[in-house]
Amino acid sequence: MHIPDGMIAPQAYLVATALAVPAWAWGARCIRRDFDERCIPRLAVLTALAFVLQGIMLPLPGGSSAHLLGLGVLVLGVGLWPAFIAYSIVLALQAVLLGAGGITALPVNALAMGLAGGAVMALGHRLLAPRLAATRFEPLATVIPVWLGLVVAALAIALVLGVQPLLAVDAAGQPLFFPFGPAVTLPVIVIPHVLIGLLEGLLAWLVLTRLPLRVVPA
Amino acid sequence: MRDRLLLLAWLAAVVAATLVHAPLLLGSALGLVLVVVFAIEGRAAGGIVKRALLAVVLVNLAVSLGFIASAIYTAQPWLVFVTRLNLRVLLIAILTLAMSRHLRLEQALDFHAPSRRLAALIQSQVRVLQSVARDLSDAFASRNPVAVGWSARFRHAGHQAGALMDKTEAQATRLNEGMRSRGYFDSAQ
């Protein structure tokens, strides 16, 4: 659900950058504090998995795209703040190496997906996991938060895109950047991600049930 | 330093492209960039332009056609917006792909050791993941000469995800240790 470069106004990406920079600084601090040499490879692998999953994109008429994020695996596998940093690096790599997404849109994409969506996933998992542990509904403690986090991320992206025609127009009243309002972006972006969120939740559950079986190599 | 400057120059050019709104100026900038790219890259420039067009065509087509349809329906002009949007997005895409051929990202990030290390590991793991996924997929196809059901495919996907995790994490660990033992991260600490 990336926003590409050239679709959002400087007013939007400058504000997002101002919000994202302290969040990135805090995330980097968490990685330095909590991650030693042995944990970095796991973070790298989960991040690479997210990168590969995001390479399979289906463009949406609303100016965005539909694809798995790999964010659920990252957030539940390594924690919110390291996942936010790793996910931001995925977005940056895609923007710089593949021209997918964009560098001006990076702070918006990172905040909407990595932080807002990731926070919902982490919080939801923290609430559900103790209640559903050792029951037959245990997978739902992964699937539901990941699904909800992805839908929240899609909602945030749709809202940011939808306000662009209000932020920047030319003298003739024509939009300078993304042209459609929330009435278009909300259904077009959010509805496909209701289904994609389920796939993402199932994928996160499949991958994460493998993780505890293995010990991080010393 | 060269890579960091390249990254900063590209960043400045992309931001500048979002501050220019006149289609004529955007078109001139695109023409200038194409001349420079063809002069520097030679025959490879055609590939860059093709990749840029492929990267933007579906999203731009969707937005442009949607806008044209709604503009015709409401009797509004659409040509200026569609021209501006497509020129701007194509300009940024060509700038990005031309820059990415020369950028060594881990060198550009040498001011922040953890990001540099993570970027190097992630790039290496992306290649490993793609290669292992291709191998496992080919193996699954060779074991099943006739089409198999969804449940078998689902089980295979689960095993494949697990195997991918095992293989790539082991390789990432070896790579991380190798880089550390050779002092790869020391200079930026």
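Angles between helix axes run from 0 to 180 degrees between N-to-C directions, and they count as roughly parallel under 35 degrees, roughly antiparallel over 145, roughly perpendicular from 65 to 115 and oblique for the rest. The axes themselves are lines fitted to C-alpha atoms, for helices over the stretch in contact.

The structure is a predicted model, in which local features need pLDDT of at least 70, side-chain atom pairs count only at pLDDT 80 or more, and totals for chains, interfaces and linings use all residues. Residues are numbered from 1 along each chain as its sequence is written, while chains are lettered from A and ligands numbered from 1 in the order in which they are written.

**Confidence in chain A**

The pLDDT is the predictor's confidence in each residue, from 0 to 100. Chain A has a mean pLDDT of 84, with 88% of its residues at 70 or more. Residues 214-218 of chain A have pLDDT below 50, and this stretch makes 8 contacts in the model beyond near neighbours in sequence. Two residues are in contact if their C-beta atoms, placed from the backbone, lie within 7 Å.

**Helix packing**

Helices (H or I, at least four residues) and strands (E, at least two) are DSSP runs, numbered from the N terminus. A crossing is left-handed if the near helix is turned anticlockwise from the far one by less than a right angle, and right-handed if clockwise.

| Helix pair | Axis separation | Angle |
|---|---|---|
| Helix 2 (residues 40-54) and helix 3 (residues 71-78) of chain A | within 8 Å | roughly 165° |
| Helix 1 (residues 10-34) and helix 5 (residues 106-132) of chain A | 8 Å | about 55° |
| Helix 3 (residues 44-73) and helix 4 (residues 79-100) of chain B | within 9 Å | roughly 155° |

Given their angle, helix 2 and helix 3 of chain A are therefore roughly antiparallel to each other, and their crossing is left-handed. Residues of helix 2 of chain A in this contact include L46(A) and A50(A), and those of helix 3 of chain A include L71(A) and L74(A).

Helix 1 and helix 5 of chain A are oblique to each other, and helix 1 passes helix 5 in a left-handed crossing. Among the residues making the contact are A16(A) and A20(A) of helix 1 of chain A, with A110(A) and L111(A) of helix 5 of chain A.

In chain B, helix 3 is roughly antiparallel to helix 4, and the crossing of this pair is right-handed. The residues that meet include A52(B), V56(B) and V63(B) in helix 3 of chain B, and L85(B), V89(B) and L97(B) in helix 4 of chain B.

**Core and burial**

A residue is buried if 20 or more other C-beta atoms lie within 10 Å of its own, exposed if 12 or fewer, and partly exposed in between. A nonpolar core is a set of buried Ala, Val, Leu, Ile, Met, Phe, Trp, Tyr and Cys residues joined through C-beta atoms within 7 Å. The largest such core has 110 residues, and I8(A) and Y87(A) have the most contacts inside it. Leaving aside residues up to four places away in sequence, Y87(A) touches A50(A), L71(A), L74(A), A110(A), M113(A) and G114(A).

L186(A), in helix 7 (residues 182-208) of chain A, is partly exposed, with 17 other C-beta atoms within 10 Å. L186(A) touches A158(A) and G162(A), again not counting residues up to four places away in sequence.

**Chain B overall**

Chain B contains 7 helices and 0 strands. Of its 189 residues, 29% are buried. Among contacts in chain B with a separation of 6 or more, 73% join residues 24 or more positions apart.
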